[in-house]
Amino acid sequence: MRKKLIVGNWKMNGSLQANAALLEQLRNGYDPARAELAVCASAPYLAQLQSLLAGSGIDWGAQDVSAHEPGAYTGEVSAEMLRDFACRYVIVGHSERRQYHGESDDVVAAKAQRALSAGITPIVCVGETWRDREAGRTEFVVKRQLSAVIHTVGHCTSEIVVAYEPVWAIGTGQTATPEQAQAVHAVLRAQLRAATAHADRNRILYGGSMNPANAAALLAQPDVDGGLIGSASLDAGQFLSIVAACPWVAQ
Ligand code: PEP
């Protein structure tokens, strides 16, 4: 079993003051033997993450990246800019971006490609809506979303992190059961294996109302390699409890 990866998605939350307090608690409470840890913040706070997390063993990243190369794209943030702030990760294709900003599978794939070309690991989010699930389309939807990325990034497929985030579970308090999560993760694992001989390097995270009470059961699933955590990542106690819920892995 691999060491788990726990990533916080702060979404559009935070302030210089609140972030400093949260990061201080994370630095003091993080046990690197338990899991790898990262936080993804809004672009204006990346310099703060870089200065306060350097040397802590905690990684940081962004929540989005432009699909374009540097140029005339007002308001966009390029992968090269994220690299300037030593981002290790960038979330791409979060359902809130797909839903509120109309990001298509192709745009998400282009973003993943731009991240990889700047040496940043994209955390590619896939997930079905409740309506998709009710209609028995879960597998079809997540495979379609991941397939667009695999098709675009080709031989770099083993370098991506995938996050399965059922849309109906994000920020709703409704979590996929461990069995539901494992079933979809197994489908994604098989898809990655068919695309790359190095799929053992891919981590597949679960995201959607993960909290200290449900984390252990989700993280115990064989194909759940960690978590992408929204609301619970804004509370150091809860976030660190999720890290503590990771199964012990002998190194
Ligand atoms: C997310 O935004 O990626 C997420 C999983 O949110 P929450 O944990 O709040 O459901």
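At what angle do helix α7 and helix α8 pack, and how far apart are their axes? In this predicted model, residues are numbered from 1 along each chain as its sequence is written, and side-chain values use heavy atoms, with hydrogens and water left out. Local features need pLDDT of at least 70 and side-chain atom pairs count only at pLDDT 80 or more, whereas totals for chains, interfaces and linings use all residues.

Helix α7 (residues 138-153) packs against helix α8 (residues 178-195) at an angle of about 35°, and their axes are 10 Å apart. Here axes are lines fitted to C-alpha atoms, for helices over the stretch in contact, and angles run from 0 to 180 degrees between N-to-C directions. Helices (H or I, at least four residues) and strands (E, at least two) are DSSP runs, numbered from the N terminus. The α7 and α8 crossing is right-handed, a term that applies if the near helix is turned clockwise from the far one by less than a right angle, with anticlockwise giving left-handed.

On the α7 side, T138, E139, V142, K143, L146, S147 and I150 take part, meeting V184, V187, L188, Q191, L192 and A195 of α8; contact means heavy atoms within 4.5 Å. Sorted by class, this contact of α7 with α8 holds eight nonpolar, three polar and two charged residues. In that scheme, Ala, Val, Leu, Ile, Met, Phe, Trp, Tyr, Cys and Pro are nonpolar, Asp, Glu, Lys and Arg are charged, and the others, Gly among them, are polar. Q191 is buried, at a relative accessible area of 13%, and touches V142, K143, L146, S147 and I150, leaving aside residues up to four places away in sequence. Buried means under 20% relative accessible area, exposed over 50%, and partly exposed in between (1.4 Å probe, protein chains only).

Turning to the strands, a closed barrel of eight runs β1-β2-β3-β4-β5-β6-β7-β8, with parallel pairing. From one strand to the next, the twist averages 25°. Two strands pair if DSSP finds at least two bridges between them. Strand β1 (residues 4-9) is joined by six bridges to strand β2 (residues 35-41), running parallel, and N9 has C40 as its bridge partner in β2. Four bridges join β1 to strand β8 (residues 226-229), also parallel; in β8, L5 is partnered by G226 and G8 by I229.

In a regular strand the side chains alternate between the two faces of the sheet. Both faces of β1 are covered, with K4, I6 and G8 buried on one side and L5, V7 and N9 buried on the other.

Together with helix α1 (residues 16-29), β1 and β2 make a right-handed β-α-β unit; a crossover is right-handed if, with the strands pointing away from the viewer, the path from the first strand over the helix to the second runs clockwise. Within α1 sits R27, partly exposed at a relative accessible area of 37%. R27 touches L52, L53, A54, S56 and I58, not counting residues up to four places away in sequence. The C-alpha atoms of R27 and L52 are separated by 8.9 Å, although these residues are 25 apart along the chain.

Finally, two loops deserve a look. Most residues other than glycine have a negative phi. K11, in the loop between β1 and α1, has a positive phi near 50°. S209, in the loop between β7 (203-207) and α9 (215-219), has a positive phi of about 55° and is buried at 16% relative accessibility.
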